[in-house]
Every structure is written in C-alpha cells, then in structure tokens.
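Here is a friendly walk through a few helices and strands. Please have the sequence and the model open side by side as you read.

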Amino acid sequence: MTTNADTRPRSAAHPWRAAVALGSGAALVAGVVLGGGVALATPALAGDLGVYDPPETTAPETRAEPLAAGVVYQVREGEAVAPSTAAAVVSKAADVPIGTLAAPAGDGTVAVDFTTPVPASTARAAAQALAAVPTVAWAEPNYLAESAAAPPVTPRDEYFREYQWHLWDYRTGSVRGVALPAGGYSSKALSLWPRTRGNGTVVAVLDTGITPHPDLDGRLVAGYDMISSRAAARDGDGRDSDPTDEGDLGSGTTSSWHGTHVAGIIGAATDRTGMTGVAPTARIQPVRVLGSGGGTFADIAAGVTWASGGTVSGTTRNRTPARVLNLSIQTEIDLACPEVLQQAVDGARRRGAVVIAAAGNAAKSALKSVPANCDGVITVAAVDRDGRRTSYTNTGRAVDIAAPGGSGADGTVSSYVWSTWNAGTRSPGEPTWVGMYGTSQAAPSVAGAAALLAGMGLQGQALEKALLSSVSQFPAYASGRCSTRMCGAGVLDLRKVLVPLGAAKIAGTGAVGQTLTASVPAGFTGKVTGHRYRWFRDGTAITGATGRTYRVVAADRGARLTATVTPRSTGSFYARSTSSGGVLVAR
C-alpha cells in the first residue's frame, strides 16, 4: 500500500494494491424498494480487491513483418483505370475495406489505402492482383515507416509508458495473426495533443465523488454531492456542495473509489510524476451520485441536470456547466431507461452537452442496462489491449463505440486500465494509482476524447458526430472479435482525427498574372495522404480553382483571395484550415 512518503507503484518485492475485478466500477445493480418502486443503483464488484505484483519489464514484441497502409500503383502511359476499379481489385484481393480511394502520390502514381494497416504480405497479394490489370504499369505495397509507431508527443509522467497502454500502446508486430497498428488499439489520444489537450473543457464525472490526489487536485472545478439519503452519503447530511467521496462500501465490502479512478482516466495532469489522462488540460467536475448501497435514478438524473447547467431545486447554480458528462454506471437486472433519467439526458443535450455511458458488464444486450439504453447517450463497449471484445462487456445495437476497458484475464499490467485511486478501505486514505477493468474504464476514454474535440470548438451534435467518426475498424480475429453489430462504429482511434496544427498560408504576390500557393506549414494531426484546395474571391468560391496554386486574373482586382486546405486520408473527421487574412489583389 502506498503512503505519502512513497506514492509510487511498488516493485515485485513491495506489492502494489490493485483492484483486479471491479465491474463497471460504480457499475449499478438495480434493485426495487418494495412499496416505493424506486430503482436503486448499487456498486457491483466482479471480484474481490487483490494484491498484485507488477512483473519485471519484458522485451517488446518483435514485428514479424512490416505493415502497409495499402497499395501504390501507376497506370501505363496513354492508358487509364478508374479509381473505383483499382480500389475494388485491391479490396477483393486483400479482403479489407478501402479507406482512401485514390490519393495522388506524385509522378503519376496513385495510392489506394485500406481502413487500417495490414501485414505486408497481404498488401503484396493485393498489389500483384492490381498489377495484373492490363492498364496498370506496376503496383506495390504502400509501406508504413517505422516512425509511425511512435506517438507525436510522449508524456513525461513516470509510469506512462509501462502502464498506460490505453493511451498509446508501444508494442509492434502481430497478435494471433493480426498486425498491430501504430499505437495498438489504444485511444491514441497523443495524436491530438499537438493541437488540443482538452483546453479547459469541463467534463462532469457522475460517480462516487472524488478523493484528493496530486494528479487531480489542480484539475477540478466546483462539483456537487447529489445524494439525497444521509445514510447513503455517509457525510451526515443529504445534498450539499461537497462532492468528496466518503466511501461507497456496503455490508462486508471496501470502498471502490471508483469516481477517482474514472476522473484520472479522463483528465489526470501530465507532469513528471504519476500517470496522465486522455485530456490532461480538461477540467473535472465531480458530481457525487453513488454512495453506500448505490444511488437512486432520481439523484443521478438531478446530477445530469445540474452538471449540464440545468436547474435543480435546493442546489446552488452550476457556474461551470460541463460540455461532456461521463456515466460509468450500469444496472445488472434488465431495466428500461427510467423517464426521470431520460428527461434529464434530453435536457442536457438541449443545453449542448454530450452524454457518455458505459455499456455495462453483464455480457448481455446493452438495451437491458441503464443508462446505456437511454436515448441520446453515446454508449461504450469495452475491448482488451489487443482490440478483442471482452468477455464481460454488454453489446448490441444500443452500443455506439468501443474503447479500451481491459480484460482482467490475468495478472499482467495489460489486463487493467491504470489510473488514480485511493488507498483507504472504509474512508479516504492516501492517494495512489491502481488498475481496474470494465466498461466503466472504457467510457472515460471516450469522454476524454470528447473533451479533446470540444477543446477545438466542437459541441453538441457536431461533437457527437465527430466522436463517432473517430474510429478504426475492428481487428479480424478468428474468435472474440467485435463487429459493428455488437460493438458500435469501431474502436476509438484519435489518429483518425485530421485537424490543422496552424493556419493555412498563401505565398506569392497579389497582382494579376502572379501565381499564389496555399499550404499549411505546420501540417495536420493524423495520417494525411493528400490535400484538397479551394480558392475564394471575397468569400465566394472561384469556379474551377481547386489546385494548390492559383493564377491571379483580372476579375480578382481589388478583391481578397483566401483558400481552404482540407486533409485527405483514411480519417473520417477533419477540420478545414482557412488562410489567415488572405491576399489583397492590387487594382
């Protein structure tokens, strides 16, 4: 157990306590109070707390063969082949969907890229099939450089690289015949850090509350204790403005400190100590809705309303409404979304908030678990470190997206998602870090991703759409694989978000007959294979002006010329970059 004098993970000789099987953490078990008909939410532990010795660091996997993004080809001189035809041949030969149809690669060559990288042998077979087309001069795999396996930013936090695989997985090679993409099946949050780390976005964590922790203390905004029952709150009163987690222990159990763990996954500070969150400059708003014996849906609904800026009678006004709400909560018995909670979710979304919910850990349809089955929430299933469906996750058409949740399958670091925690048993003790697994751990990765996107100005439905587009295809394992039918749109992958790291620039002189060139000197996040250009005269698109360069004509005299540069890639969400100020053409 850690202490103030030694708050680091212990070596094998000094065990580090780990929560090895907390379900959705504050995963809810719905019960019915006779006579009142009130649905109660209670913490559900999938197993006892245990002691775990981190193993010695082992050598990284070696890559069996290089990875390729797709196929590059060139058409014979004087001949032609439709991009759709080339893509169809490549896709059929590799049995992998196409992400980028045709990206010019220079000197008349064109790239066709898959939705996710494949082993070189697969790409070679596809290239051979394309080279057999009579009008194609040659085709070869579009190999990925080794540097693609490194994140663009490496956090300085001392335990990041060894423990936080859910942020960036440094392994290379393949697992069960499936090649690992750069960053593995982590959230790849580091890909967006050069542009945004959350930028002050407020994320509400509706959970067991918060305990003091050096990785969180500077990241908090005022929260609320929404538990109306004195007995459940364990702090001597009902609702108040202090969201401190007093412990959610029940009969014969210890406290889970689940809210602290979830908060750290979202927004733990990045510094030289401890661990980091997905969005380390987001602000965490702890809203306590689960206490001893759980919490009622009335309290949870009040928390949703208050956190999103709505009015809850008897409470103080929320001066920092959250743009993102995380509910790592479930019901183990089958239950439809209560009207009180549905109305609260509807109200939160009308106020511009995005609501993220855990799918639940009962290995059943998420349609039977609350709040996963509420309309309008983004429901998150869990995959393990290898991108496989976990044995416990709820699935089905209520699920929108999957994210790293850990497996709990064995005693290795990679079985758990590691984050901030508390060493107390009945009441708060010393701050520490611990590993848990569950859809409770998957949901905050998505909430953190939402905070990153919100930090770029997205909100409401635009943020929801962008979030659900930031995914990779599920890996094709022979067994235990996810599918869109079971696990939503795909695995969260923030490398798919393509945004400029700076403003576009226009080089050249604003005079008739001169040539202007548009570019984004700072580049873009994500894997960009090409660009689209659009030129404007006083804000109106110029017909046919869609190249990187533009030759100034007489009609431009006295006008201001601007340009947009849009990245092209397998990424499915992008933001355009408009030239800063543009160029004023002389009369």
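A residue is called buried when its relative accessible area is under 20%, exposed when over 50% and partly exposed in between, using a 1.4 Å probe and protein chains only. This is a predicted model, in which local features need pLDDT of at least 70, side-chain atom pairs count only at pLDDT 80 or more, and totals for chains, interfaces and linings use all residues. Residues are numbered from 1 along each chain as its sequence is written, and side-chain values use heavy atoms, with hydrogens and water left out. Helices (H or I, at least four residues) and strands (E, at least two) are DSSP runs numbered from the N terminus.

**Helix H5**

Ten of the ten residues of H5 are buried, so the rest of the structure largely encloses this helix. Among the buried residues are His 258, Gly 259, Thr 260 and Gly 267. The cover over them includes strands E11 (202–207), E13 (283–288), E15 (324–327), E19 (417–422) and E20 (431–436), along with H8.

**Two helix pairs**

Two packed helices are described by the angle between their axes and the distance between the axes. The axes are lines fitted to C-alpha atoms, for helices over the stretch in contact, and angles run from 0 to 180 degrees between N-to-C directions.

| Pair | Axis angle | Axis distance |
|---|---|---|
| H5 (258–267) and H8 (439–454) | roughly 40° | within 8 Å |
| H6 (297–307) and H7 (339–350) | about 5° | 8 Å |

The angle between H6 and H7 makes them roughly parallel (under 35 degrees). Contact means heavy atoms within 4.5 Å. On the H6 side, the contact is made by Phe 297, Ala 298, Ile 300, Ala 301, Val 304 and Thr 305, and H7 brings Val 340, Leu 341, Ala 344, Val 345 and Ala 348. These residues divide into ten nonpolar, one polar and no charged. Here Ala, Val, Leu, Ile, Met, Phe, Trp, Tyr, Cys and Pro count as nonpolar, Asp, Glu, Lys and Arg as charged, and the others, Gly among them, as polar.

For H5 and H8, the contact includes His 261, Val 262 and Ile 265 of H5 and Gln 441, Pro 444 and Ala 447 of H8. That contact divides into five nonpolar, six polar and no charged residues.

**Strand E26 and its partners**

Strands pair if DSSP finds at least two bridges between them. E26 (residues 530–537) pairs with E29 (residues 560–568) in the antiparallel sense over eight bridges, and Arg 537 has Leu 561 of E29 as its bridge partner. E26 also pairs antiparallel with E27 (residues 540–541), over two bridges, where Phe 536 stands opposite Ala 541. E26 and E27 form a hairpin with two residues between them, and Asp 538 in the turn has a positive phi of about 50°.

Note on methods:
Parallel < 35°, antiparallel > 145°, perpendicular 65-115°, else oblique.
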